[in-house]
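Welcome! Here is a short tour for a reader who is meeting this structure for the very first time.

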Amino acid sequence: MGDDYLVRIGKLIRDARQHRGWTQSQLADALGTSQSAVNRIERGNQNISLEMIARIGEALDSEIVSLGYAGPMHLRVVGGRRLSGAIDVKTSKNACVALLCATLLNKGRTVLRRVARIEEVYRLLEVLNSIGVRTRWINDGVDLEIVPPARLDMDAIDAEAARRTRSIIMFLGPLLHRLDAFRLPYAGGCDLGTRTIEPHMIALRRFGLDITATEGLYHAQVAPGVNPDRPIVLTERGDTVTENALLAAARHDGVTVIRNASSNYMVQDLCFFLEALGVEVEGIGTTTLTVHGVPNIDVDVDYSPSEDPVEAMSLLAAAVVTESELTIRRVPIEFMEIELAVLEEMGLDHDRSGEYTADNGRTRLVDLTVRPSKLEAPIDKIHPMPFPGLNIDNVPFFAAIAASAQGQTLIHDWVYDNRAIYLTDLNRLGGRLQLLDPHRVLVEGPTRWRAAEMMCPPALRPAVVVLLAMMAAEGTSVLRNVYVINRGYEELAERLNSVGAQIEIFRDI
């Protein structure tokens with residue numbers, strides 16, 4: 001790339017930064033680099049990769065920077081390679097997004113440690129920044145600092161970013177204590193079929209929140225003086241529903257009892273964070289939570305979310321389908337025990353270390369070593385249940401594992417309207433999956449995987465399952481437009497490469 005192009009790109013970056021009102025130091029923090037490096041880039045004195053240009057465009061919310069240089073990201077996978085060595089599990093995506101929403105409860109400074117640098121987090125940061133919350137990456141881009149404004153500017157909300165994440169729905173719980181009326185864009189995210197927000201409304205009406213949906217917006221009104229006069233019974237034991245109820249109860253001046261609550265990993269992490277804010281939560285890990293609210297929360301808090309059991313399951317599945325010996329470190333074992341019990345019955349050869357404690361001081365971790373195994377299809381169907389059952393998000397990985405096992409496996413993904421349909425994309429890679437109805441898939445194994453070029457499924461976990469099958473297939477596969485994977489995984493390709501995979505990131509230019 002010639003020097004004149006570097007100068008022109010540098011000017012575009014400088015203009016976009018100034019338009020956003022950032023200093024060079026603020027951009028450097030967002031990128032995890034130094035102010036001097038940003039200065040060199042803007043003066044055209046430093047070579048800059050397409051990936052860096054894309055990251056800068058993401059940080060500055062500027063299509064001008066990325067236009068013509070960084071289109072959709074694709075993956076080129078050379079399969080048939082064995083993995084080896086050890087890989088660490090990153091912090092939980094779902095916990096991190098819940099904690100970002102929870103920072104709206106706090107008037108003080110929040111530092112979240114080792115936050116997952118994923119697209120879902122970036123979208124929430126764009127929304128938070130647009131309404132006046134100051135965020136910056138600190139400690140070489142590892143940790144995240146969040147400082148709220150005295151008053152939120154909801155009229156300036158970044159609607160496009162909000163519509164690209166389902167997590168925006170968790171703004172309702174905190175905002176009902178800060179505003180008498182506000183609007184939120186409809187929640188987006190993965191294409192998983194119709195999902196009603198009525199369970200959220202049933203819980204939040206007890207705090208005076210009323211929602212009218214019109215023209216792509218939720219119009220929220222908060223009636224003063226409305227408080228839960230009896231326990232809130234959730235109509236579904238959902239994770240985000242429970243989190244929204246917790247967020248509403250956290251600043252309620254009184255005691256709130258939430259029944260039929262999810263006790264899943266992200267809910268527990270949110271409870272631990274609320275305790276750090278000074279909110280007492282009884283019953284963590286059970287289906288009945290008692291919250292002693294604090295009307296005014298103004299503390300400086302430092303919190304470390306725990307590791308992601310779904311990423312741990314992804315890495316375990318990668319080892320199984322590639323017939324590899326791999327050590328997966330920092331596995332939150334409490335949220336993997338059912339999965340491992342099922343896999344043991346299928347014949348998985350593995351062992352685990354003694355337990356140790358995550359950085360949040362509460363979650364139990366182990367190191368898990370998986371070895372090549374001769375698997376047999378399970379006698380019973382694979383189906384999810386609320387925690388402590390088999391995790392809903394771990395079900396798709398059993399499609400790839402079952403395809404590696406001898407015999408027929410029935411997978412019943414009853415939670416989502418159409419996620420099971422995307423699992424049949426494995427057939428293009430040599431799988432033998434029969435869709436029985438929108439929720440049930442019959443998997444025949446073992447599979448002789450074959451390379452293919454295909455578009456990424458629009459749902460996060462099935463997309464990763466396709467990537468894992470490509471890693472097992474001899475030859476070169478291409479997976480196009482992997483934005484959905486980047487929503488939930490930080491540098492997944494690079495990290496898999498570190499243990500022996502061969503995955504190349506490329507873009508159309």
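## Polar and nonpolar around a cavity

The residues lining the largest cavity divide into four nonpolar, three polar and two charged. Here Ala, Val, Leu, Ile, Met, Phe, Trp, Tyr, Cys and Pro count as nonpolar, Asp, Glu, Lys and Arg as charged, and the others, Gly among them, as polar. The lining includes Tyr 265, Gln 268, Asp 269 and Phe 272, and helix 12 (residues 265-276) gives the most to this lining, with four residues. Also lining the largest cavity are Ser 306, Glu 307, Pro 332, Phe 335 and Thr 363.

The volume of this cavity is about 50 Å³, and the structure holds five cavities of 30 Å³ or more. A cavity is a set of points, on a 1 Å grid over the protein atoms alone, where a 1.4 Å probe fits but cannot get out; lining residues have an atom within 4 Å of a point. Points are joined across faces, edges and corners, and the volume is the space filled by probe spheres set on them.

## How to read the model

This is a predicted model, in which local features need pLDDT of at least 70 and side-chain atom pairs count only at pLDDT 80 or more, while totals for chains, interfaces and linings use all residues. Residues are numbered from 1 along each chain as its sequence is written, and side-chain values use heavy atoms, with hydrogens and water left out. Helices (H or I, at least four residues) and strands (E, at least two) are DSSP runs, numbered from the N terminus.

## The nonpolar core

The largest nonpolar core has 169 residues, and Phe 171, Phe 182, Leu 184, Leu 316, Leu 479 and Ile 485 have the most contacts inside it. Its largest share, 11 residues, comes from helix 17 (residues 460-472). Such a core is a set of buried Ala, Val, Leu, Ile, Met, Phe, Trp, Tyr and Cys residues joined through side-chain atoms within 4.5 Å. Buried means under 20% relative accessible area, exposed over 50%, and partly exposed in between (1.4 Å probe, protein chains only).

Look at Leu 479: leaving out residues up to four places away in sequence, its contacts include His 74, Met 454, Val 466 and Ile 485. Contact means heavy atoms within 4.5 Å.

## A covered helix

Which helix has 10 of its 12 residues buried? That is helix 11, and what covers its buried residues includes helix 6 (93-102), strand 10 (255-259) and helix 12. The 12 residues of helix 11 (residues 239-250) should span 16 Å at 1.5 Å a residue, and its end C-alpha atoms are 16 Å apart, which agrees. The expected span is 1.5 Å times one less than the number of residues.

Thr 242 is part of helix 11 and counts as buried because its relative accessibility is 0%. Not counting residues up to four places away in sequence, Thr 242 touches Leu 234, Ala 261, Ser 262, Val 267 and Leu 289.

Most residues other than glycine have a negative phi, and most peptide bonds are trans. Yet a cis peptide bond joins Phe 387 and Pro 388, with omega about 15°, and the bond from Gly 445 to Pro 446 is also cis, with omega near 0°.

Arg 114 has a positive phi of about 55° and sits in the loop between strand 3 (110-112) and helix 7 (119-130). Glu 323, with phi near 55°, is found in the loop between helix 13 (309-321) and strand 14 (326-332).

How values were computed
1 Å grid on protein atoms, 1.4 Å probe; cavity = no way out; pocket = protein on both sides within 12 Å on 5 of 7 lines; lining within 4 Å.
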